[in-house]
Amino acid sequence: LRSGKARRHPGWACYHTDLYDFMQDGTPLGIIGCAVGGSFAVLLAEELFASGCRLLISMTSAGQIVPIRKPPYHVLIDRALRDEGTSYHYLPPSRFAHLPERLLEPLHHLLADPSLALERGASWTTDAPFRETQQAIAFAEAQGILAVEMEAASLYAFAEARQRPVVCFAHITNQMARIEGDFEKGQADGSVDSLRLVGLVARGWLSKAQDGWKLEAAQDRTAE
């Protein structure tokens with residue numbers, strides 16, 4: 001917004017949020033800020049896909065559980081512990097909600113890029129942040145969970161139930177407020193690194209989707 005690259009979308013129907021669209025390296029992107037909490041995130045996901053969204057990328061600020069490196073950095077969430085309520089409206093009870101392998105495979109090359117500071121692993125999704133007790137944190141750490149956040153399990157359950165492409169990232173910005181001044185997002189509140197990652201994911205997914213469409217079209221022509 002400060003650079004004049006983004007504009008408020010005039011046709012966005014959700015009255016209590018703003019959708020901004022912009023181009024990044026030739027890729028059209030839309031962004032909604034402050035989508036905090038699983039129920040709110042899924043509300044927006046339902047509305048976005050009804051409005052023509054092709055891929056939803058969630059970027060959530062998260063607390064570090066297993067200290068694999070110093071914040072800030074990003075985690076590609078491959079599964080999320082379902083310690084919230086929204087996911088149970090979409091899927092039967094289970095311990096985790098998962099990122100499908102078909103969406104994970106195109107992202108492997110990003111994990112190998114050292115400039116992205118990107119890890120892969122599990123998160124703990126809770127809609128009761130003031131119940132992130134010492135005992136609960138210790139349990140999550142013992143399970144090898146890397147981060148705690150508020151949306152991923154809900155979004156992955158929605159994605160599976162609705163068969164929609166959703167990828168969730170945790171932006172590790174703090175160590176659960178256990179040290180002084182514990183909240184570091186990075187350059188421009190983390191927007192530079194986060195937008196770069198979002199753009200790479202979107203371009204990679206669109207390329208795969210287009211290749212799949214071309215293959216399907218070629219097969220259709222062969223059948224004819």
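Author: Two strands pair if DSSP finds at least two bridges between them; strands (E, at least two residues) and helices (H or I, at least four) are DSSP runs numbered from the N terminus. The model is predicted, so local features need pLDDT of at least 70 and side-chain atom pairs pLDDT 80 or more, while totals for chains, interfaces and linings use all residues. Residues are numbered from 1 along each chain as its sequence is written, and side-chain values use heavy atoms, without hydrogens and water.

Reader: In S2, which residue is the bridge partner of Arg7?

Author: Strand S1 covers residues 7-8 and strand S2 residues 20-24. The two run antiparallel and are joined by 2 bridges. Within S2, Arg7 is bridged to Asp21.

Reader: Which residue takes a positive phi in the hairpin of S2 and S3?

Author: S2 also pairs with strand S3 (residues 27-31), in the antiparallel sense and over 5 bridges. The hairpin leaves 2 residues between the strands, and the positive phi, near 55°, belongs to Asp25.

Reader: How many residues of helix H5 are buried?

Author: Buried means under 20% relative accessible area, exposed over 50%, and partly exposed in between (1.4 Å probe, protein chains only). Among the buried residues of H5 are Leu155, Tyr156 and Phe158. H5 spans residues 152-162 and is largely enclosed by the rest of the structure, because the buried part of its 11 residues amounts to 8.

Reader: Which residues does Val201 touch, not counting residues up to four places away in sequence?

Author: A nonpolar core is a set of buried Ala, Val, Leu, Ile, Met, Phe, Trp, Tyr and Cys residues joined through side-chain atoms within 4.5 Å. The largest one holds 60 residues, and those touching the most other members include Leu76, Trp124, Leu155 and Val201. With contact meaning heavy atoms within 4.5 Å, Val201 touches Leu55, Ile57, Leu107, Leu110 and Phe169.

Reader: Which backbone nitrogen does the side chain of Thr126 reach?

Author: Thr126 lies in strand S7 (residues 118-126) and is buried, with a relative accessible area of 3%. Leaving aside neighbours within four places in sequence, Thr126 is in contact with residues including Asp83, Glu84 and Glu132. At 3.1 Å, its side chain reaches the backbone nitrogen of Ala128.

Terms used: Polar contact = N/O pair within 3.5 Å; in protein donor to acceptor, adjacent residues only side chain to side chain.
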